[in-house]
Amino acid sequence: MSASAVFILDVKGKPLISRNYKGDVAMSEIEHFMPLLMQREEEGALAPLLSHGQVHFLWIKHSNLYLVATTLKNANASLVYSFLYKTVEVFSEYFKELEEESIRDNFVIVYELLDELMDFGFPQTTDSKILQEYITQQGNKLETGKSRVPPTVTNAVSWRSEGIKYKKNEVFIDVIESVNLLVNANGSVLLSEIVGTIKLKVFLSGMPELRLGLNDRVLFELTGLSGSKNKSVELEDVKFHQCVRLSRFDNDRTISFIPPDGDFELMSYRLSTQVKPLIWIESVIEKFSHSRVEIMVKAKGQFKKQSVANGVEISVPVPSDADSPRFKTSVGSAKYVPEKNVVIWSIKSFPGGKEYLMRAHFGLPSVEKEEVEGRPPIGVKFEIPYFTVSGIQVRYMKIIEKSGYQALPWVRYITQSGDYQLRTS
Amino acid sequence: MTVGKDVSALFPDVVNCMQTDNLELKKLVYLYLMNYAKSQPDMAIMAVNTFVKDCEDPNPLIRALAVRTMGCIRVDKITEYLCEPLRKCLKDEDPYVRKTAAVCVAKLHDINAQLVEDQGFLDTLKDLISDSNPMVVANAVAALSEIAESHPSSNLLDLNPQSINKLLTALNECTEWGQIFILDCLANYTPKDDREAQSICERVTPRLSHANSAVVLSAVKVLMKFMEMLSKDLDYYGTLLKKLAPPLVTLLSAEPELQYVALRNINLIVQKRPEILKHEMKVFFVKYNDPIYVKLEKLDIMIRLASQANIAQVLAELKEYATEVDVDFVRKAVRAIGRCAIKVEQSAERCVSTLLDLIQTKVNYVVQEAIVVIKDIFRKYPNKYESVIATLCENLDSLDEPEARAAMIWIVGEYAERIDNADELLESFLEGFHDESTQVQLQLLTAIVKLFLKKPTETQELVQQVLSLATQDSDNPDLRDRGYIYWRLLSTDPVAAKEVVLAEKPLISEETDLIEPTLLDELICYIGTLASVYHKPPSAFVEGGRGVVHKSLPPRTASSESTESPETAPAGAPSGEQPDVIPTQGDLLGDLLNLDLGPPVSGPPLATTSVQMGAVDLLGGGLDSLIGGPNFVAPPAAAVPANLGASMGSGLSDLFDLTSGVGTLSGSYVVPKAVWLPAMKAKGLEISGTFTRQVGSISMDLQLTNKALQVMTDFAIQFNRNSFGLAPAAPLQVHAPLSPNQTVEISLPLNTVGSVMKMEPLNNLQVAVKNNIDVFYFSTLYPLHILFVEDGKMEAVSSRLQGSNIFTVAKRNVEAQDMLYQSLKLTNGIWVLAELRIQPGNPSFTVRLPAPALPALGCLLPCAGQPLLPSLLPRAGVSLMGALAQLGWGPSEPDVNEHQNSEPSFQLSPIRLPR
């Protein structure tokens, strides 16, 4: 059904640590993994699923580590990949950074975690906050009453422990929308979508029951609120953290939940409504073979004048053999990053409606390279605070706890760039 | 952790540390035991006491740890001691211990299944499904599914509406992983009717909003499967379709590996229900930083979704991709343009001009790929785009890949009359004839013969030259045989030669790389798993008999009786309208071409099989004497698994697709109905019928027509004793009297518990039918495969034959011959083993039944031990081959995208003629 064993390999494919869950795959099989990976990479047929004889390897790469699960059976592949990513998440929470060094420094705890994360190939408790309650960094003396299984592990509410206390009860709500954009070389928009997430930072005592109200169009239609006064947003595909009662949402679009403590992502949604690209780029990249490249980039802020985009970074591809850069910008600064073969033009604050220009000039060697280069797109990074593209709003956040305390919800809106690509010709 | 050093010598010392109260140390000792107990089984016993003690520790964490570790120590002696602690832990008050113990049952079952059954753990596990704690329920479900998977017959997961209800309730409360276990388990359930299916779907749909992609995919699996049971007219069906699209699209924003799994599955979903994602083309556009495996999958899905409405956009994208730098990706993009042209007729012209633009780039591999696809476009739209030939010819010299060369030669030969210097062009290729690959040689031979027939005066010399090169100087039997056939044709009857060689070619069909429907249905049941990623049934890559239960979609129950999947409905004409077994040539050709489109239900597949047999008959040489000898109808052994390897070629596999592609969802092959009792012999009652095997039961499908002037009533049926004890399992039910000119269709279930008498031929069945008028007798031959039972499998290699319950035991390559060992089992428990020998280059297959292994069969079969000829329909084949030859077309190339590969290796018949 699922993984037989899980390995963590270093970048050369040497096992750092492994855990055999089922014992049906010989642990030596992992030796075939790296050669296989290299061979497939050479053939240009690399895939996240490799097989050697009867053994199937499902792998992901994280910083300088490979996480590999093996199986003999028709395992649930999506479950295995989800699990591997979850494992990375848990380890990262424990060790801050998950890399070779942190594994080597924490063998014991990695073993303990691997033992708790999965049993006989079935993922078990993967919530790092709960795990931290009974698998701690320091060695644990076994005294009576200590190091018990927190009841949370098997509770229906397996993500929040009881008895949490705060002096000041607060919830911070971050509504973050990322804009994904794909524009082809002629300047027509191929794909424009908004991926929104609502992140919560919860400092609440006890077992509070929360209800979040959004200006969700479907909800408005259900409740007859869809008057002209209320602006509503149609969310295309909503995904929730496991704490949200899905069947309740399915019935009456109510988002009700008992939150985990601290930071978590409550929900994500997607909208594919066409919006005007927030930052529009026009570029002319003229390449004069054997002598020079001339680049002209025009950036335009196509959002409200009151708003300001912060930390704008426009990266423009240049040939890998370019040299002697020269820039001229109307605002901000430009920097050549040869290891990535791009020019990065950064503008600290970019008000809506403004238009800026950058020119760059590079020399090219007189002897041209043999191989053809790809044409990477222009990428844009930005962040616009106090503003959502979709117009989504938090209408209310109701917090009910049996002790009856008053809690304050704080809301913040941010729009930022997601996968924002403009192809060049 | 031990840096690869063996530290088993420390065993006693480590075990001494076991009774510590430091939890961390205890865990490490346990870990040590797990790793080394196997190498020191005797010493491991020393640890048992501590385990037993720990299982009673007041701290549930320790109890769980002990029971978890004990299950991982795969030493027989220890397992005996595990039973008591396990029993206690299964009833522990702490859910954490119970959930761990539930998994431990699965572990123990893996080590010693008998012990688990004897100790009654399975029942305890089943009880845990009703546990109050959702996590325990989830683990119990997971453990039971795991056990059931390795023991398909155990019927452990006896799912009924009550237990399903419990699972659905637990679904709302358990962790994300638990939800996956439960959803995967639900997917194995077959609701009793569409109403139940709908209510389960309604309770599963909220899972589509889960943040974990694996939960979403498992939910999609359940929905896709149960949807099969819902009527398309239902409002709910439409709602469900709409609900499925957004989560599938969102999966594309997951991590690349999960995206890859999602895309492979979307590929299946798009084939099964194209309507779900038809408006979502844009999300599959390739991004610059997508990993290559994601790019290629996206490309494939783009083509599947291409339609007239969005073709302009698709083409613009494909053209963009074709100018990228990654060679594999570029090639696939160019090929995709060709596929679009063939799929969307209105776009053909645009595609051709896009391809021409690409040829102008002069990038070598782009040009070659473009020429290959242009040839396909010519075949699909003959006499339409010949104006581009001149441009193609300009690039003649740059072609260095065999596939591209062969394509170009084909084009020159096909349009020889319009190319002034065709003879020069072909002659230039002829210079290095022996250095060319077989593919090119064959193509060149054919092209020159075509040229000769078109311009006989100028090219006599050329044709002489190529014929002698092919026949005298070549070692390749394929080439030689083709050469000889042309030679003789040309020398005996040039007019006939012209008719044969220059015959009008059948058009190639559009979507040809679709997964064959039965396999597709099976794969839909495996959404999210490795099978869905490989696009292969689990039996193809999971070793042994474990975990290879075949899954199939549930048949639609309430609204319609047809079990055909909706896509295949137009292709499959209702059976019974085709009275003859052998269809007209036109039909045959048409259907051969459409093989990939859908499973033809009536005549043609059978006939195709007979083409196969015909080839064997004609060319089997030494086997000829055997024709007509044995009366025993051998299993259609010629239908070898299609994925035999490259040497078999895809044309062949397409023929074989039939065996599994036809008929019902359960995959068994159904012979079209034939008239068994003509009306004149039975006072106006006409009976036609056929036999089917579906999900383990045999039935006789009858069609009774009243051609008399009076009403018929009181029908009854009886069988004479027969070789396999076939008997009606229920009385013949004709509910209303049959009025004149009325027809009823009846499916009569059969069993094999009747009395046995050997018949001549073996599969002869004598039937008596009674009505109010008289009693009528007739006899019929039933196809043997209806007797093949599902558990006749010895090992899994091919799903194709499995559709007809013929299973491959082993495949070996001995002295360049492919040896296939097939097994099948008859209803009376007789195993039949057959050896199938396939020689590359030799068109005849040899089937042998090894007699010594089968004493039981020996007495039943008159000719056991001798080579048997697979002769379901031997005689029909001969005439068909003739027919095919006249049409100038061999049974090949139903496939646009693959036919290039099939070209050199497809060796079904040496009289296979040029296209």
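The model is predicted: local features need pLDDT of at least 70 and side-chain atom pairs pLDDT 80 or more, while totals for chains, interfaces and linings use all residues. Residues are numbered from 1 along each chain as written, chains are lettered from A and ligands numbered from 1 in written order, and side-chain values use heavy atoms, without hydrogens or water.

I begin with the helices, which are DSSP runs of H or I with at least four residues, as strands are runs of E with at least two, numbered from the N terminus. The axes of α23 (residues 422-430) and α24 (residues 438-454) of chain B come within 11 Å and cross at roughly 155 degrees. Axes are lines fitted to C-alpha atoms over the stretch in contact, with angles from 0 to 180 degrees between N-to-C directions. α23(B) and α24(B) are therefore roughly antiparallel, a term for angles over 145 degrees. Their contact (heavy atoms within 4.5 Å) involves residues including B:L426 and B:F429 of α23(B), and B:A447 and B:L451 of α24(B).

Helix α24 of chain B also holds B:T446. This threonine counts as buried because its relative accessibility is 0%; buried means under 20% relative accessible area and exposed over 50%, with partly exposed in between (1.4 Å probe, protein chains only). The side chain of B:T446 reaches the backbone oxygen of B:L442 at 3.0 Å.

Finally, phi of B:H535 is near 55 degrees, a positive value in a residue other than glycine. B:H535 counts as buried, at 14% relative accessibility. Phi of B:D714 is likewise near 55 degrees, but B:D714 is exposed, at 53%.

Definitions and conventions: Angles under 35 degrees count as roughly parallel, over 145 as roughly antiparallel, 65 to 115 as roughly perpendicular and the rest as oblique. A polar contact is a pair of N or O atoms within 3.5 Å; within protein, one must be able to donate a hydrogen and the other to accept it, and residues adjacent in sequence count only if both atoms are side-chain atoms.
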